[in-house]
Amino acid sequence: MDKKVAGYRLFGFMFTMFRLFPVNRNKVFLIATHDDSPEGNIMVAASAIKKARPSMRFISLTKKDKPWKFFSYFVKKAYHMATSKIILLDNVFMPMAYTPISKSTVVIQLWHGTGTIKRFGLDVENKHIARIAKKGNKRITWLIVNGERSKRQYASAFGVDESRIRTLGLPRTDLLLNQTFMESRKRRFLRRLDDQHDLSDKRFVLYAPTFRDGIREDHGIRLDINRLLGVLDDDVVLLLRTHPAVSESFSKEWVKTSVSPGVRDRVIDVSGYPGVTTLLSVADVLITDYSSIIFEYALLKKPMIFYAYDLDEFKRCGRGFYEDYEKNVPGPVVRDEKELCKAVSDVLKRSETDRESEARIEAFLRDNYRRMDRKAAERVAALALREKFSRQS
């Protein structure tokens, strides 16, 4: 950690030197270290800013930018960040603890999730990391959430006052609410994989487990894929999406060694697919556990199943939850593979909408979204540009 802190301080030192240069009112610095895809909060917001003010110039820092590329990282990126009028970020950027940002610069934290079930940020980090992260979070001008329910949770996780949290909606939700866009992304996905898989007339189950601290060789996949696909019809394909924190180390060899040849052609590893929004457009059913992905999938009003095999352990030894998990998730909670197989099979066999499930999703949306009007990115852009937008909005 000491080497990392030294890196944070070095970035801060270079940033401070570049503060001698004037802030460029037409420059936006994008810290997209979690999701730099066109479907992520950062890029959707950037597109809205560009539309509102075409003269804006955008510089990005992504997870591909590494500190060992010294000049690019500590010189070029620090310079552009120090001289930008707007800074958008989708993650905690630890060097911000040492960057004295200009009062004329607007810093907007969009985060990468669209809500939260499990505790995160300052609520789970060790004291040393939390101290640095909290200092960096003080630079945030505005923190964006979807609804009032998230305010208290995010205020705690980021260590910011609720007065700096705005319920404008997360930019990426605009895409999910755009039926034409979602249908086009689904067609594009199917065409892209058509050469490798016969995907005509298939139904898709997306399994997207969340990240677990201390994750082991299984990369968080505690699922007997052979058993699950064995009870489902032959037209059902499983899309496997590991968490971004482990996806880079996830090997396709895992599928080859863990899935029998008889069903292997019905398993597609989409861990590296750029942008989860497209995958949500394809999925007929979502299997997850404690992931914030449910806040996005709920907008599509399609069934979810919560495979919480380690729920008791997660409550006791893991991050834990802000609210009662089983009461608040918009779908059935299953605790073992037998229950999971039955739940998925039942959902796929239904020919009519499950009204109880539909009502549960609708209630979840009412609790967690203030607005669902496809104008979230527009509102964020207006806030960033301070056009027709007051601090009291």
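## Close-up views of a predicted model

View 1. D346 pairs with K342 in a salt bridge, with the closest N and O atoms 2.8 Å apart. This is a predicted model. Both D346 and K342 belong to helix α15 and sit four residues apart, about one turn of the helix. D346 is partly exposed, with a relative accessible area of 29%. K342 is exposed, at 53%.

View 2. R227 and E337 meet through their side chains in a salt bridge, 3.8 Å from N to O. The pair links distant parts of the chain: R227 is in helix α8 (residues 225–231) and E337 in helix α15 (residues 337–349), 110 residues apart. R227 counts as partly exposed, at 39% relative accessibility. E337 has a relative accessible area of 19%, under the 20% cut-off, and therefore counts as buried.

View 3. The structure holds 17 salt bridges. One of them joins D367 to R149, with 3.2 Å between the closest N and O atoms. Here too, distant parts of the chain are linked: D367 lies in helix α16 (residues 355–368) and R149 in helix α5, 218 residues apart. Both partners are partly exposed: D367 at 44% relative accessibility, R149 at 23%. What else belongs to the network of salt bridges that holds R149 and D367? R152 and E323 are linked in it as well. Side chains of opposite charge can pair when their charged atoms come close.

**View 4. The buried residues of helix α5.** Helix α5 spans residues 148–158, and its buried residues are S150, K151, Q153, Y154, A155, A157 and F158. Which elements do they pack against? They pack against β4 (106–109), α4 (127–137), β5 (142–144) and β6 (165–166). G159 follows α5 and has a positive phi, near 70°.

**View 5. The buried side of helix α4.** A130, I132, A133, G136 and N137 are the buried residues of α4. They lie on the same side of α4, because they cover an arc of only 165° around the axis. The buried residues of α4 pack against α1 (2–18) and α5. At the start of α4, N126 places a side-chain oxygen within 3.1 Å of the backbone nitrogen of H128.

**View 6. K85 in strand β3.** K85 sits in strand β3 (residues 84–89). Is K85 buried or partly exposed? K85 is partly exposed, with a relative accessible area of 25%. Its C-alpha atom is 6.7 Å from that of N26, although K85 and N26 are 59 residues apart along the chain. Beyond its neighbours within four places in sequence, K85 contacts V23, N24, R25, K27, S104, T105 and V106.

**View 7. N91 in the loop between β3 and β4.** N91 is placed in the loop that runs between β3 and β4. N91 is buried, at 19% relative accessible area. Not counting residues up to four places away in sequence, N91 touches T33, H34, Q109, W111 and H112.

**View 8. S200 in the loop between α7 and β7.** The loop between α7 (179–193) and β7 (203–207) holds S200. S200 is partly exposed, with a relative accessible area of 43%. S200 and P274 are 74 residues apart along the chain, and 22 Å separates their C-alpha atoms.

How values were computed
Residues numbered from 1 in each chain as written. Predicted model: local features only at pLDDT ≥ 70, side-chain atom pairs only at ≥ 80, totals over all residues. Heavy atoms only, no water. Helix = DSSP H or I, 4+ residues; strand = E, 2+ residues; numbered from the N terminus. Buried < 20%, exposed > 50% of the residue type's maximum accessible area, 1.4 Å probe, protein only. Contact = heavy atoms within 4.5 Å. Arc of directions from axis to C-beta. Polar contact = N/O pair within 3.5 Å; in protein donor to acceptor, adjacent residues only side chain to side chain. Salt bridge = Lys/Arg side-chain N within 4 Å of Asp/Glu carboxyl O.
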